[in-house]
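Biologist: Please display the structure. Some questions on it follow.

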Amino acid sequence: MLARTEGIAHIGSWEFDVAADKVTWSDELFRIFQMEPSDTAPSYLEHPRLFHLDDIKKLDIAVQAALRDGTPYELELRAIRLDGETRFCLSKGYSHIGQSGKVERLFGSFQDITEHKRLDHLIEKRLQLSSYAIDHSIADVLQKTLDLTEEMTGSCIGFYHYIDESEQKIILQQWSTKTVQDFCKAEGYGLHYGVGQGGVWADCIRERRPIIHNDYESLPNKKGLPMGHAKIFRELVVPIFRNDKIVAILGVGNKRQDYTEKDVELATFFADFAWDIAAHKQTEDSLLQKEQTFKNLFNNSQLAMFRTKIDGSETLEVNDKWLELVGKTRDEVIGKPSVIHWVDPDKRAEIVRILKSKGRIVNIENQMLNEKLGIRDCLTSVTYYLESGILEGTTVDITERKRMEQTLRESEERFRCAFEYAPIGVSMHELGGGFLRVNKAFCNIVGYSNEELSTRTYRDITHPDDLALNIELVRKLLSGQEKIIRFNKRYIHKLGHEVPVSIYVSVLSNESGKPLSLLSIVEDLTEKKKLEEQLRQSQKMEAIGVLAGGVAHDFNNILTAIMGFGTMAKKRIKEDDNIKLFIDEILASAKRAAELTKGLLAFSRKQVISPRVLELNGIIEGISKMLKRIIGEDIILKTSLSKDAIIVKVDSSQMEQVLLNMATNARDAMPDGGHLIIETSTVNADNEYAEMHFLKDPGQYVVLTVSDTGIGMDAKTREHIFDPFFTTKGIGKGTGLGLAVVYGIIKQHEGSITVYSEPGNGTTFKIYLPTVRMNIQEAGSIVAHEPLSGKGETLLLAEDDGSVRRVTKIILEEAGYKVIEAKNGEEALSKFVENKDSIRLLIFDVIMPVQTGKDAYNAIKKIKPEQAALFMSGYTDDIVARKGILEEGLEFISKPVQPDVLLRNIRDLLDKA
C-alpha cells in the first residue's frame with residue numbers, strides 16, 4: 001500500500017545508515033530518477049551527480065547540518081535524470097539520534113513537483129492573457145497568445161489561422177511578434193485559400209488532430225515555402241474545435257528539441273483560450289451575441305462565476321470552475337438556498353448593506369471550503385442588480401498566489417538577513433547620494449549608526465580630496481557609460497580618522513531600465529594597508545640583504561687577510577714595542593668591520609648559521625655574567641626562567657648576540673639605572689594566536705621576554721626600530737644595527753619578535769621560537785676550547801684569493817702543520833691525487849674558478865671516501881646552501897675567520913678523524 005501511495009503522489013523515500021555508510025531507496029525514488037529498482041542506490045558520495053550543479057552546495061550544507069546536530073531540512077532541488085531531463089523535486093530530510101547522542105540514520109522523502117510547477121506557470125500565463133485581453137484588440141490578443149505559446153514551448157515561429165465553417169478554407173490571421181520581426185517576411189495576412197492548397201502543416205485540418213513534424217526536411221509530401229518564409233526545421237499544429245468543427249488552428253515551429261505531447265497540451269490550451277476571447281470580442285456589439293458570449297465565457301471561463309439571489313433563497317447559476325473550486329456537483333448547488341458562500345458570517349449583514357447602497361464590491365478576500373482540497377484562499381468581486389435582486393460575481397482562487405507571496409516574503413527576509421549580516425559593508429543610495437539602507441558592517445566601517453546615515457549622503461562622509469573622482473564616476477554610471485564602477489577612496493570616520501576602502505557601485509533599475517537607486521559594496525582596506533606596509537618593510541629589508549650579500553664575499557676575504565697578517569705581525573714583535581699598539585688597533589678595527597658585515601648579514605638573514613638542539617635557559621645563564629658587565633652596576637639584571645627545560649634548535653652564538661644586543665639597547669634606554677628582566681615560558685599558539693603574533697605556523701613556541709624600565713618609545717619610533725641604521729642615539733654613539741641584527745637572527749630561526757612600549761613606561765620585547773621535542777639530556781651544551789697546535793699533519797689548502805691563501809698558509813705552518821696549496825678546485829684535485837696518502841684534511845673555499853671546492857671534494861671522495869674536509873666562504877648562506885654544503889652537514893666556517901678559530905676547528909676535525 002505504501003509503494004502504491006508513493007507512486008500516485010510521485011513521492012519516493014530514502015534512508016542513510018551512517019555507520020554502515022549505506023543508502024536505501026524506495027522503488028518510486030528509483031523511478032523518479034529513471035533507474036531500475038533492482039539497481040543499487042547511489043552511495044552518499046555519489047549523490048551530487050544526481051542534482052543540478054547550483055543545488056549541490058545547499059543540499060550538502062543541509063545534509064551536513066542533519067548529520068552534525070539532527071537539523072531537519074526541506075529543499076526544492078533540480079534533479080538530473082538518466083536521460084538528461086531536469087525535474088523539480090521537493091526533498092525533505094530528518095535525523096534519528098541514537099543513545100550515544102549522535103546521528104545514526106538520516107531518512108526522508110523526495111517528491112517530483114515538476115508538474116505542479118508547470119501548472120503554476122500555466123495559470124500565471126493564463127491570467128496574464130486574460131488581463132491583457134481586456135484593453136486590446138483581437139489581433140493583439142492572438143499575437144500575445146502566440147508569443148506566450150512560443151515562450152512556453154520554446155519555439156521561434158508561431159501562427160494563428162481561422163478556418164471557415166465548412167472547414168474548406170484557411171484564413172491567414174495572425175503571426176507571433178518574433179515571427180514577423182525576425183524570421184518570416186512572406187506576405188499573406190488575411191489571405192483565403194483552400195485547405196488542399198495548404199502544406200503539411202494543414203494535415204491537422206485534414207486529419208482533424210494535432211500534427212507534430214520533428215523532422216520536417218524528411219517529409220516526402222511537403223510543398224515549397226513562399227518567398228520570404230522562414231526556414232522550417234520542426235513544427236507543431238493543433239486544431240481548435242467548436243461544436244465538433246475546426247474553427248481555427250495554432251501552429252509553432254523551430255523548437256530546438258523535438259515537440260512532445262506536453263507541447264500539444266500547451267498549444268491546445270492557449271489556442272482554445274484565445275479563441276474564447278476572440279469570439280467574445282467579435283460578438284460583443286450584438287446583445288444576442290453578448291448573451292451568448294457571456295454564456296460561453298461563464299461556462300468555459302477559467303474564473304469561478306456565480307449568480308444568486310441576494311436574500312440567499314436560491315443559487316441560480318454557477319460555472320464549472322466554481323464547482324471545481326468548491327468541490328461540488330451542479331445538482332448539489334443549483335436551486336438550493338444560498339448563504340452567500342463567499343462572505344464571512346460575521347460580516348454578511350454589512351456586506352449586503354454596502355451592496356444595496358453602492359451596487360458593487362471588488363476583490364474582497366475570503367476563504368472557501370473545498371471538501372477535497374480543504375480551505376482555499378480567494379478574491380471575490382460582486383455586482384448587485386437592484387431590479388432583480390440578483391448578485392453576479394467572480395471568484396479567483398489565490399491559494400497558490402498567496403503561497404508564492406509567502407515565498408516572496410521569505411525570500412525578502414533571506415535577502416534582508418544576507419544584506420544586514422554580510423561581512424562586508426553594503427549600502428543603498430538614492431540617485432542623489434542619500435543613504436536609503438546600510439548594513440551593520442558599513443556602520444562599523446564609518447562609525448555612524450543607521451539612523452545617523454539616513455540624514456546624510458555619501459558626499460558628507462567622503463574625504464574631500466576623493467570627492468570629485470567619486471562624483472564623476474557616479475555620473476558615468478548613471479549616464480550608462482559604465483555598467484559598474486570600482487575605485488578606492490577614503491571615508492572620514494565619525495571619530496575623525498580616515499578609513500581607506502575599496503568600493504564596487506552598480507545601478508539598480510526597473511524592468512524598463514530606468515535607474516532607481518545605487519548599490520555599493522564596501523571593503524575596509526585598513527588591515528590590507530597594514531599588510532602592504534609590512535610587505536614593503538619586508539622588501540626593503542630584503543633589498544638591504546641583497547646589498548649586504550653582494551659585498552660580503554670580497555670584504556670577508558679582505559678582512560681574513562688583514563686579521564691573519566695582523567695576528568702574525570703581532571706575534572713577531574716584542575711585548576713592549578710601540579708598534580704593537582698600532583697592530584692591536586688594526587686588529588680591533590678589522591674585528592669591528594667583521595662584526596658590521598656579520599650584523600648586516602644577520603639582519604638580512606643571509607649569514608650562515610649552525611643551529612643545534614640546546615637548552616635555552618642554559619644559554620641565558622651562561623651569558624648572564626657578561627650581560628651584567630655590559631649593563632653596568634646601576635642596572636639590576638633579573639631572570640625568571642621556566643622551571644621546565646626549554647629545548648630549542650638555535651645557533652648558540654647567534655642567540656648570545658641577540659641577548660647582548662638587547663641588553664646594550666636596554667642599557668642605553670636607562671641612563672639613570674633601572675631593571676633588566678629576562679623571562680622564559682612556553683605557549684601553545686592556535687591559528688588566531690599565530691596570525692596575531694606573526695608566527696609561521698600554529699604550534700608550541702618558546703617565549704623569551706626581555707623587559708626594561710627605561711624611557712620607552714613613542715609609536716613613530718616603534719615603527720622603525722628594526723630598520724637598519726635607524727638609531728635614536730647621538731652621532732657616533734651607535735650603528736643602528738643592534739635591533740636590526742636581532743630581527744634578522746630571530747627570523748632566520750623561523751621565529752617572531754614583537755615590541756610593546758610607551759614613553760616613560762619602559763619597553764618589552766617578546767621573542768617567539770619554535771620548540772623541539774627532546775629530553776634535556778639529549779640537548780647539546782656549549783663548550784669553550786682554546787686553539788691547539790698541529791702535530792705535523794699535512795693539509796691541502798685550496799683558496800683562489802692570493803692574500804687569503806698566503807696568510808692562511810703562514811698561520812697553519814706556524815701552528816705546526818704542513819701545507820700544500822692550490823689556487824682552484826681543479827689544481828687541488830690534481831695535488832690530492834699526487835699526495836693522497838699523506839693529506840689528513842682538506843681546507844677548501846666553497847666558490848672558486850675553474851672548479852668549485854664542493855665539486856673538487858666530491859671527486860676526492862670517490863678516491864678516498866673517508867677524507868675529512870673543512871669548507872670556508874665569505875658568501876651568504878643562500879649561495880653556500882645552493883652548493884650543497886649545509887644540506888649534507890659538511891663542516892663549514894664563515895669568513896672572515898680569526899686564526900685561533902680556524903686552528904680550533906682544524907684541531908677538532910683532526911682529532912675526530
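Biologist: How much space lies in the second largest pocket?

Modeller: The model is predicted, so local features need pLDDT of at least 70 and side-chain atom pairs pLDDT 80 or more, while totals for chains, interfaces and linings use all residues. Residues are numbered from 1 along each chain as its sequence is written, and side-chain values use heavy atoms, without hydrogens or water. A pocket is an open set of points on a 1 Å grid over the protein atoms alone where a 1.4 Å probe fits, with protein on both sides within 12 Å along at least five of seven lines. Probe spheres set on these points fill the volume, here about 2000 Å³.

Biologist: Which helix gives the most to the lining of this pocket?

Modeller: Lining residues have an atom within 4 Å of a point, and there are 49 of them, with His116, Asp120, Glu400, Arg403 and Met404 closest to the centre. Helices are DSSP runs (H or I, at least four residues). The most, 10 residues, comes from residues 114-134, helix H4.

Biologist: Which strands stand at the edges of the five-stranded sheet?

Modeller: Strands (E, at least two residues) are DSSP runs, and they pair if at least two bridges join them. The open, antiparallel sheet runs E13-E12-E16-E15-E14. Two strands have a single partner each, so one side of each lacks a neighbour in the sheet: E13 (315-318) and E14 (360-370).

Biologist: What is the bridge partner of Thr380 in E16?

Modeller: Strands E15 (374-385) and E16 (390-397) pair in the antiparallel sense over eight bridges. In E16, the partner of Thr380 is Thr395.
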